[in-house]
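Reader: I would like to learn how to read the contacts between two chains. Could you take me through them?

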There are 2 protein chains.
Amino acid sequence: MATTDAEQIFKEFREHSAAEFFKKNRQMLGYSGAGRSLVTIVHEWVTNSLDASEEGGILPDIDVSISKAENNRYIIKVSDNGPGIPKNFVGKALATIFAGTKFHRYMQQRGQQGIGAAGCLLFSQITTGKPIFVKSSIGKGRAYSCHIALSTANNKPIITDMADIDDKSQGLSVEGEFADIRYEMGEHSAYEYIRRTALSNPHTQIKLTDPSGQEFLFVRSVKKLPARPPPAKPHPAGLSTNDLLDFAHASQSRKISSFLVDTFARTTSNKISEIREADPSIDMDEDPKKLTWEQAEKLVNAFKKVKWIAPDAGYVVPIGEEQIRIAVKNILSPEHMSVVERRPRIFRGGVPFIVEAAVAYGGGSGKKEEEGYSGNILRFGNRVPLLFDSGSCAITKAANGIEWRRYGIDMETQPVSVFVNVSSVYLPYSGVGKEAIAQEDEIVEEIKLAVMEAARGVQRYVRGKQAANFNAGRYKAISRYVKQLSKDIGDLTGADTGRVEKKLNDIVKKHFPKAKEGEDEEEPAVGSEVDVEEEA
Amino acid sequence: MATTDAEQIFKEFREHSAAEFFKKNRQMLGYSGAGRSLVTIVHEWVTNSLDASEEGGILPDIDVSISKAENNRYIIKVSDNGPGIPKNFVGKALATIFAGTKFHRYMQQRGQQGIGAAGCLLFSQITTGKPIFVKSSIGKGRAYSCHIALSTANNKPIITDMADIDDKSQGLSVEGEFADIRYEMGEHSAYEYIRRTALSNPHTQIKLTDPSGQEFLFVRSVKKLPARPPPAKPHPAGLSTNDLLDFAHASQSRKISSFLVDTFARTTSNKISEIREADPSIDMDEDPKKLTWEQAEKLVNAFKKVKWIAPDAGYVVPIGEEQIRIAVKNILSPEHMSVVERRPRIFRGGVPFIVEAAVAYGGGSGKKEEEGYSGNILRFGNRVPLLFDSGSCAITKAANGIEWRRYGIDMETQPVSVFVNVSSVYLPYSGVGKEAIAQEDEIVEEIKLAVMEAARGVQRYVRGKQAANFNAGRYKAISRYVKQLSKDIGDLTGADTGRVEKKLNDIVKKHFPKAKEGEDEEEPAVGSEVDVEEEA
């Protein structure tokens with residue numbers, strides 16, 4: 001058997017850039033299928049506009065226009081009234097994979113990876129060969145326009161036609177021509193994405209112009225921006241040795257004690273004393289830049305022995321119970337609903353997060369099936385609607401892991417909607433397409449607790465409705481059977497069919513006395529809940 | 001309202017490396033949860049060993065050892081008898097994100113991204129701070145060992161303790177210490193992964209030593225390597241304008257005509273003439289390096305007007321019908337099965353792929369539930385078992401999109417296993433973790449057709465079994481009801497309960513004459529299939 005020399009094999013060894021990788025694997029960024037690809041473009045540009053406007057302290061006004069061009073192509077344009085992008089950053093901001101303002105900071109924002117905008121540009125280039133057209137005004141009469149492309153070989157922007165323009169307004173507008181996309185209606189459409197975005201961000205105004213020219217205006221119902229917290233300090237609970245080491249090596253502090261106080265939340269000089277007591281072998285005067293793995297591990301173990309105050313709720317800004325109630329009423333007009341807002345928790349790395357959940361029943365809740373209904377789950381991450389990859393999402397895993405029967409809820413057959421928003425300074429997505437939250441144990445657990453709490457809030461109402469429906473249905477089925485049986489018994493015994501039927505019906509009513517009163521004869525054991533709420 | 005200047009915001013602008021990105025987002029590489037993370041490490045190292053041995057023309061012997069270390073850590077070591085890695089490439093091969101021998105070639109292999117091995121190293125570094133230990137022998141007495149780490153700031157390897165060693169054998173061994181992982185048993189375990197790998201690669205021998213010290217040896221049942229085709233030429237059908245442009249700009253040919261013949265499959269000088277006829281405005285003597293988007297688009301449109309011979313089956317090597325039959329018999333010992341191997345198809349970019357499917361019923365098929373069974377889907381991509389992210393997989397989408405009722409199959413209640421392997425020179429995965437095949441339309445469609453064909457092969461058998469079971473079950477249920485009813489009728493009419501019961505049973509038997517004979521009284525309409533097979 002011929003063998004090939006290792007050196008022969010390694011003649012083929014190459015390196016490639018991140019841009020080349022994602023060009024070949026654009027499905028990983030969400031460009032998978034014509035319908036989804038269009039929604040991905042809208043999603044990336046709209047989330048950037050929202051983040052930018054909020055960061056600039058401006059109530060967002062966003063304009064999305066989708067129009068058809070020849071050869072089955074589309075022109076998509078998104079404009080905002082945000083702070084714009086300075087000339088010297090525009091190439092990197094919109095056309096470089098892994099570059100951005102958010103990756104290295106613990107701030108609650110929608111974008112966090114430095115990929116999204118470059119991905120849109122890449123997709124336009126791949127499908128039409130054209131660059132995107134950008135107009136940016138950063139106020140004070142400073143405005144420019146240009147075309148931007150991305151050189152995949154080296155992950156660098158190519159800017160052409162840069163020109164100063166006369167524009168007193170403020171904001172950014174990006175426009176691209178795309179093929180291999182399709183404007184659709186329905187559950188996974190751009191319209192639905194924008195509608196849900198407007199509802200989870202009531203301070204936003206969004207206008208959508210669809211390919212037929214029809215305009216949809218989602219008006220803001222709140223005239224105040226959500227609170228904008230400063231970058232969060234990571235919390236020591238849940239910090240890994242590796243994280244601590246990275247922070248230490250990047251620190252400007254001279255001593256470990258000051259490094260800890262400067263870098264981490266809830267770390268006061270009192271806490272430093274407690275940590276010293278927990279492990280006296282740790283030298284708090286050491287230079288953090290010289291921290292070794294073993295020393296970092298000692299610190300992490302000492303952290304575990306100390307009591308920490310829960311993370312500051314202020315770093316993470318949830319939508320808010322009142323806003324969710326309004327939003328869910330607007331989308332679903334349910335018969336009954338329950339909203340729950342949980343306290344902040346931590347997942348790996350000392351990262352705080354907050355889960356909000358609502359369970360809604362009836363009205364427009366759930367999904368209409370051929371016969372009857374089924375339940376559905378509306379997922380949000382940092383107020384961004386998550387429409388795809390639900391199988392990989394922590395929210396889906398949590399919801400599917402709940403014993404809905406305990407609450408009298410059947411997700412297979414009832415008009416139920418479960419609404420979940422997870423807010424965090426850094427959401428761990430399951431993929432670079434950012435359509436699902438990674439199924440990290442602490443996050444899944446917390447979502448379960450939140451949804452179960454919301455389910456408890458509707459269970460009495462739901463059980464009542466379902467009992468009434470169920471018994472009515474069962475009674476009907478048995479009555480039909482009784483008719484047929486009466487006939488057969490008549491043939492069998494020679495008795496009068498009408499009399500037999502009457503007597504059988506009496507027997508049935510004896511077994512189902514409450515059928516007409518609408519109460520479930522099998523009362524669930526109240527207080528049989530097994531969910532135990534975690535103390536902070 | 002205070003606004004923040006764009007320049008103020010962009011003070012925070014940074015670039016980060018791919019390594020930093022995946023360090024922060026390791027869940028995207030499959031390191032999500034302790035159980036799955038362990039399987040990911042085994043998966044990445046084993047697939048590299050398989051690819052290397054096959055590329056070297058060597059029947060693979062792979063040794064996987066998983067042992068516990070202190071502090072809840074594990075030591076994982078994978079050794080092979082492959083060609084090894086030359087000293088000057090070992091850092092880049094094992095410790096650089098986006099570097100490898102396969103990314104730029106259209107060859108059917110398991111690894112294709114240049115991420116897997118570096119991801120393992122990264123994960124070890126993150127969880128224990130330690131480098132991995134490598135021993136490589138490339139034959140002829142040339143062997144060395146070293147430690148390798150990855151500098152995330154710049155995506156570069158850090159090699160320490162490089163030493164020549166005395167070793168006459170051949171092969172590579174990689175060993176790392178990991179925390180945050182857990183050895184589990186069950187459906188998503190390393191054992192199951194290796195078992196399925198051995199079965200879809202019958203030419204391989206794999207030994208697994210688990211943390212208890214127990215050894216499992218999966219012996220090879222085939223003493224021949226699978227055929228190893230040369231790198232595939234992409235096929236013009238399904239080629240996008242962008243792909244053609246990239247190929248043209250990278251071409252060494254002087255003219256477009258020779259570029260086409262050299263680069264693409266099934267492209268002869270006859271075809272060139274046909275393309276000229278289809279669009280005489282195309283200048284075949286042009287320099288391919290100067291090809292514009294518009295010219296490339298013309299070519300792609302001309303390709304569509306020409307008839308192409310289907311792609312060479314030789315570039316894609318499926319497992320093979322006979323091998324699958326043996327494998328499925330070994331794993332499942334089914335009562336009945338049907339195996340289907342389809343012809344090669346193309347998906348976007350002119351990439352050939354082949355789908356093989358099997359449907360198995362009974363024996364060890366399906367999943368045992370509390371009461372009864374349910375169906376399950378065994379997924380493979382290029383012979384690699386896919387255990388996770390099933391919700392995002394083309395195979396899952398295809399299988400769930402089938403109307404199983406037409407074949408008398410119920411995936412909710414029957415012991416059915418569906419086996420699918422998709423082979424290709426480039427499989428589009430849904431995420432960098434490579435656990436699911438992207439739901440590209442052409443791939444999902446082809447899998448559906450394959451599985452439906454296999455389902456047709458078992459439907460007669462399954463319907464027969466199910467009818468027998470069903471009627472037996474229904475008869476039993478009614479008999480129980482008859483007992484209770486006889487008693488009530490006795491109370492009602494004063495008739496003798498025993499006599500009433502006998503007569504009711506006679507009525508029942510009249511309605512279910514065939515219940516005891518095991519035939520379904522409702523014959524399905526044969527020939528009511530709506531799946532239409534595509535012609536090549």
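Author: Start with one pair: D246(A) makes a salt bridge with K23(B), their closest N and O atoms lying 2.6 Å apart. The term stands for a side-chain nitrogen of Lys or Arg within 4 Å of a carboxyl oxygen of Asp or Glu. A word on the source: this is a predicted model, where local features need pLDDT of at least 70 and side-chain atom pairs count only at pLDDT 80 or more, while totals for chains, interfaces and linings use all residues. Residues are numbered from 1 along each chain as its sequence is written, chains are lettered from A and ligands numbered from 1 in the order in which they are written, and side-chain values use heavy atoms, with hydrogens and water left out.

Reader: How many salt bridges are there between chain A and chain B?

Author: The count is four. For the wider picture, contact means heavy atoms within 4.5 Å; by that rule, 81 residues of chain A touch 81 residues of chain B.

Reader: And what area is buried between chain A and chain B?

Author: Buried area is the accessible area (1.4 Å probe) that two parts lose on being put together, summed over both. Here the figure is about 7400 Å², and carbon and sulfur atoms give 61% of that.

Reader: How are the two copies related?

Author: In general, two copies of a chain are related by a rotation about an axis and a shift along it. Copies are superposed by least squares on the C-alpha atoms of residues with pLDDT of at least 70 in both. In this model, a rotation of 180° with 0.0 Å of shift along its axis places chain A on chain B, with an RMSD of 0.4 Å. The copies are thus related as by a two-fold rotation axis. Within chain A, the residue that comes closest to the axis is G391(A), its C-alpha at 2.2 Å.

Reader: Through which surface do the copies meet?

Author: The same one, because 100% of the interface residues of chain A are also interface residues in chain B.
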